[in-house]
Amino acid sequence: MIDISSLFFSYSDSPPWLLHDLDLRVRPGDYISVLGDNGSGKSTLIRILLGFLEPTRGNVRVDTKDIGYVPQRRDVGDRDFPLTVYEALNTFRRLKKLSPDDLKSALQHVDLTGREAELIGSLSGGQQQKLLIARALMGDPPLIILDEPSTGIDPASQKDIYELLSHMSKVHGTTIISVEHNIEAAMANSTRIYHLAGGSGHICTPAQYMAEHTP
Amino acid sequence: MFQYQFMQNALVASLIIGILSPGIGIFLVLRRQAMIGDTLSHASLAGVTLGLLTGHNPVLTAFLFTAVSGALIEYLRLTFRRYSELILAVVLALGVGTAITVISSGQLSVNAEQFLFGSILTVSRLDLYIIIGLAVISFLMLGFLYNQLIYITYDADAAKIAGVRVRLINYAFSVLVASVISMMIRIVGVMVIGSMLTLPVAAAMQLGKGFRKTLFWSVIFSLIELILGLILSFYLNIAPGGFTALLAVAVLLIVMAVMRVQTALARYRARSTP
């Protein structure tokens with residue numbers, strides 16, 4: 001699904017590298033959590049996968065253009081943006097030329113059915129995150145990329161979100177790449193962990209990660 | 001009053017502007033680009049003066065100069081990524097500099113004041129035909145770009161992922177803004193175009209509705225302000241621009257007051273319910 005080889009990246013196109021000689025192969029159905037400290041290049045890596053940034057050196061191949069993306073909530077319109085839940089999803093559905101049934105089923109997935117007429121700004125943090133996930137799920141894309149999906153969200157909503165992601169990966173075979181601060185969720189749900197530190201990446205299983213990082 | 005041809009022309013132009021200007025203004029407001037409307041309206045004055053100087057229709061030359069200025073703003077975004085307000089200063093200098101140079105040269109046979117403050121007497125049939133032509137193109141473009149513009153405004157990254165060509169649409173939007181501004185010059189005048197693009201939207205946003213309803217109420221407020229401004233400026237014998245802007249401020253204040261009272265009443269009822 002994704003093949004990264006000898007990837008180097010720097011915003012100035014020259015050393016020092018923010019991402020240094022990364023290699024990663026992601027198989028269909030993988031659920032990979034990307035872990036690392038602030039500034040380790042996690043968000044930069046997913047912006048490269050999404051095609052928003054070009055690698056300075058190396059190759060990145062993503063097998064599909066049909067990607068569901070869940071950005072950090074703070075990167076999406078203001079709280080007072082005049083948009084209803086329905087408008088937020090239906091406008092996106094039209095852009096992607098999907099059917100109204102895709103919208104309905106995405107709303108059902110995240111349990112927001114019946115709240116279509118509400119303004120997005122009136123939703124709680126957890127519900128807003130679910131809305132972004134519903135948008136990413138519309139049309140069943142084979143790859144979903146998430147940037148810190150549980151930041152600033154209550155525990156109950158976190159549980160719902162991770163159960164849904166896990167279900168999508170196991171039952172639907174959806175490939176998931178999730179930048180995570182939530183180590184517990186990453187350990188419980190991921191098939192593999194990609195750990196970024198000092199610009200370099202290291203792939204391992206959740207058990208290996210725990211063994212390496214538990215004092 | 002409407003037996004006069006110039007009033008009929010002004011009324012038709014006002015109706016068109018009343019519908020189109022909030023259609024553009026809502027995106028300018030939500031993208032935090034209200035000042036771009038103001039900058040481009042000042043740039044349009046350069047187009048007007050160049051039209052008057054060369055003997056071409058000023059609405060048409062205003063459209064051309066404003067469209068180029070709008071495209072220049074988009075282009076300069078690449079150069080001044082982190083200081084985007086500098087771009088407005090550059091385009092403002094270009095537009096106002098050109099306008100002042102032409103006006104002060106003494107080469108114009110027409111008084112440029114009517115374009116600064118608006119004048120209902122000067123909307124000619126040719127102006128009206130040009131306005132209708134630009135309006136048809138603008139409505140079609142707005143209809144075609146509507147969903148893309150909403151998503152670029154709300155979440156540009158998601159728009160890119162959905163296949164929207166963000167830069168291209170931004171250029172097209174600049175032309176759209178230029179088109180609407182050039183239509184507005186005759187009626188409201190250069191000085192208040194920026195306000196008339198944004199104030200009806202600001203009033204509608206106070207209602208706390210979704211996008212379509214906010215756009216609908218922006219159009220209603222804009223039509224009320226423009227038509228009332230037109231009628232009252234006819235009877236009071238004043239330039240329509242300034243008075244229409246005052247009406248827009250009044251509508252905004254009234255809507256804000258009504259919403260405050262409504263919220264206070266709702267809180268009072270909630271507290272007094274056992």
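Which residue forms a salt bridge with E163(A)? The partner is K159(A), the closest N and O atoms of the pair being 3.1 Å apart, where a salt bridge is a side-chain nitrogen of Lys or Arg within 4 Å of a carboxyl oxygen of Asp or Glu. The model is a predicted one, in which local features need pLDDT of at least 70 and side-chain atom pairs count only at pLDDT 80 or more, while totals for chains, interfaces and linings use all residues. Residues are numbered from 1 along each chain as its sequence is written, chains are lettered from A and ligands numbered from 1 in the order in which they are written, and side-chain values use heavy atoms, with hydrogens and water left out.

K159(A) and E163(A) are four residues apart in helix 5 of chain A, so about one helical turn separates them; helices (H or I, at least four residues) and strands (E, at least two) are DSSP runs, numbered from the N terminus. E163(A) counts as partly exposed at 45% relative accessibility, on a scale where buried means under 20% relative accessible area, exposed over 50%, and partly exposed in between (1.4 Å probe, protein chains only). Salt bridges that share partners also join D3(A), R25(A), R61(A) and D63(A) into one network, and over all chains the structure holds 14 salt bridges. One of them is formed by K96(A) and D66(A), with the closest N and O atoms 3.0 Å apart. Because K96(A) lies in the loop between helix 2 and helix 3 (100-109) of chain A, and D66(A) in the loop between strand 4 (57-62) and strand 5 (67-70), this pair ties together parts that are 30 residues apart in sequence. D66(A) itself is partly exposed, at 29% relative accessibility. A further salt bridge brings together the side chains of D160(A) and K130(A) (3.0 Å, N to O), and this pair links distant parts of the chain, with D160(A) in helix 5 (residues 155-171) and K130(A) in helix 4 (residues 125-137) of chain A, 30 residues apart. In this pair D160(A) is partly exposed, with a relative accessible area of 36%, whereas K130(A) is buried, with a relative accessible area of 12%.

Leaving aside residues up to four places away in sequence, R93(A) touches L98(A), S99(A), P100(A), L103(A) and M138(A), contact meaning heavy atoms within 4.5 Å.

Strand 8 (residues 192-197) of chain A is mostly covered, five of its six residues being buried. Strand 8 pairs with strand 3 (residues 31-36) of chain A in the parallel sense over five bridges, and with strand 9 (residues 200-204) of chain A in the antiparallel sense over five bridges, two strands being paired if DSSP finds at least two bridges between them. In the hairpin of strands 8 and 9, which has two residues between the strands, G198(A) takes a positive phi near 55°.Chain B meets chain A through 22 residues from chain B and 26 residues from chain A, and the area buried between the two chains is about 2,100 Å², of which carbon and sulfur atoms give 66%; buried area is the accessible area (1.4 Å probe) that two parts lose on being put together, summed over both. Y151(B), Y154(B) and I161(B) supply 36% of the area that chain B buries against chain A, more than any other three residues. Two salt bridges are found across this interface, and the side chains of D155(B) and R135(A) meet in a salt bridge at 2.7 Å, N to O.
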